[in-house]
Amino acid sequence: MCIRDRPIIVIDSLLDSRFVDNPLVTGHPKIRFYAGIPLKTPDGFTLGTLCAIDYVPRRPTPKQLELLALLASQVVNELEARRKGTLLAAERLAALDGIQQMEALFAAMEEGVVLQDRSGVITAANPSAERILGLSLDQMTGRTSMHPEWRCIHEDGSPFPGTEHPAMVTLRTGEACRNVVMGVHVPNAGVTWIRVNAVPLQYDMTGAPRSVVVTFHDITVIKAAQATAERLSHQAVSYTHLRAHETVL
């Protein structure tokens, strides 16, 4: 027996032209009474039918039909709860898979990556950040960009105040800072030159960033090559001037 989107009540199937030839009536289980209530979701989709059957004709009371409809509603609620639970579990698994992928990417990046909260405190760092800065994650965690042991410098050798660090500027202004060059005193390794980018994350209701992600790469070799090129260029100019002076003499 099939119903679509409305209840069907069959008091005696042998007297109902719609069902008198139905195999469930003419054969096993020889249904005579049938009451079916559609199981409709809140969005109007019919999942199936909740039905009551008997082997003898019956005339249900309004109260009995009301109870059957209430039971159908409870069945739909239970099915919807299970569906939502299944979807939520699938979303959690997808989110976990995404997190694992991001963690793998975070760990594999050649660039150093540091996460800092709204007060500038370092909360996470990848292995490349540990390598470039010469510090373990435990040593960095809890520090801010204004920690005195960083001893950062500008390219001209002047001190690079923590308040000017790209992370702190980004947290203060909400704007990204890119391609900032600074020298960092690395334990037992002298000065390491890095090029830094800071991007705000997770804005609050006021539009201020809740955190910032800082990425940087080591440009010490590039800086050394530039210094060598400048020195050779200076020597070449000095040599040219000297030869010119000798020629005049």
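**Close-up views of a predicted model**

Figure 1. Asn-179 has a relative accessible area of 51%, so the residue counts as exposed, the limit being over 50%. The model shown here and in the following views is predicted. Asn-179 is placed in strand E6, which spans residues 177-186. Its phi is near 55°, a positive value in a residue other than glycine. Most residues other than glycine have a negative phi.

**Figure 2. Overview of the protein.** The protein contains six helices and eight strands. Read from the N terminus, the order of the elements is β-α-β-β-α-β-β-α-α-α-β-β-β-α. Of the 249 residues in the protein, 31% are buried. Among contacts with a separation of 6 or more, 42% are between residues 24 or more positions apart.

**Figure 3. The loop between helix H1 and strand E2.** Helix H1 covers residues 23-26 and strand E2 covers residues 33-40, and Pro-29 is placed in the loop between them. The peptide bond that joins His-28 and Pro-29 is cis, with omega about 10°. Most peptide bonds are trans. Lys-30 is found in the loop between H1 and E2 as well. Phi of Lys-30 is near 55°, which is positive although the residue is not glycine.

**Figure 4. The largest nonpolar core.** In soluble globular proteins, nonpolar side chains tend to be buried together. The largest nonpolar core of this model holds 22 residues, and Trp-150, Val-214 and Phe-216 have the most contacts inside it. At least two residues of this core come from each of strand E5 (122-125), helix H3 (127-133), helix H5 (166-173), strand E6, strand E7 (190-203) and strand E8 (209-218). Another core, of eight residues, lies apart from it and includes Phe-33, Ala-35, Leu-68 and Ala-72. When residues up to four places away in sequence are left aside, Val-214 touches Gly-112, Val-113, Val-114, Gln-116, His-165, Ala-167, Val-196, Asn-197 and Ala-198.

**Figure 5. Helix H5 and its cover.** The buried residues of helix H5 are Pro-166, Ala-167, Met-168, Thr-170 and Leu-171. Strands E4, E6, E7 and E8 are included in what covers these buried residues.

Figure 6. The model has one cavity of 30 Å³ or more. The largest cavity has a volume of about 150 Å³. Its lining is made of 15 residues, of which Gln-116, Leu-133, Ser-145, Trp-150 and His-165 are the closest to its centre. Strands E4 (112-117), E6, E7 and E8 are the elements that give two or more residues to this lining.

**Figure 7. Thr-144 and the surroundings of Trp-150.** Thr-144 is placed in the loop between helix H4 (137-140) and helix H5. Its relative accessible area is 19%, and because buried means under 20%, Thr-144 is classed as buried. Not counting residues up to four places away in sequence, Thr-144 touches Ser-119, Gly-120, Val-121 and Trp-150. The charged end of Arg-143 sits over the ring of Trp-150, 4.7 Å from the ring centre. Trp-150 is also one of the residues closest to the centre of the largest cavity. A pair of aromatic rings is described by the distance of the centres and the angle of the planes; the count of aromatic pairs in this model is zero.

**Figure 8. Ser-211 in strand E8.** Ser-211 is placed in strand E8. With 12% relative accessibility, Ser-211 counts as buried. Apart from residues up to four places away in sequence, Ser-211 touches Gln-116, Asp-117, Arg-118, Leu-171, Pro-200, Leu-201 and Gln-202.

Figure 9. Ile-222 lies in helix H6, which comprises residues 220-248. Ile-222 has 46% relative accessibility and therefore counts as partly exposed. Ile-222 and Trp-193 are 29 residues apart along the chain, and their C-alpha atoms are separated by 8.9 Å. Lys-223 lies over the face of Trp-193, at 4.8 Å from the ring centre.

Definitions and conventions:
Residues are numbered from 1 along each chain as its sequence is written. This is a predicted model: local features need pLDDT of at least 70, side-chain atom pairs count only at pLDDT 80 or more; totals for chains, interfaces and linings use all residues. Side-chain values use heavy atoms; hydrogens and water are left out. A nonpolar core is a set of buried Ala, Val, Leu, Ile, Met, Phe, Trp, Tyr and Cys residues joined through side-chain atoms within 4.5 Å. Buried means under 20% relative accessible area, exposed over 50%, partly exposed in between (1.4 Å probe, protein chains only). Helices (H or I, at least four residues) and strands (E, at least two) are DSSP runs, numbered from the N terminus. Contact means heavy atoms within 4.5 Å. Rings of Phe, Tyr and Trp (its six-membered ring) pair if their centres lie within 6.5 Å; planes under 30 degrees apart count as stacked, over 60 as edge-to-face and the rest as tilted. A charge sits over a ring if NZ of Lys or CZ of Arg is within 6 Å of the ring centre and within 35 degrees of the ring normal. On a 1 Å grid over the protein atoms alone, a cavity is a set of points where a 1.4 Å probe fits but cannot get out, and a pocket is an open set with protein on both sides within 12 Å along at least five of seven lines; lining residues have an atom within 4 Å of a point. Grid points are joined across faces, edges and corners, and a volume is the space filled by probe spheres set on the points.
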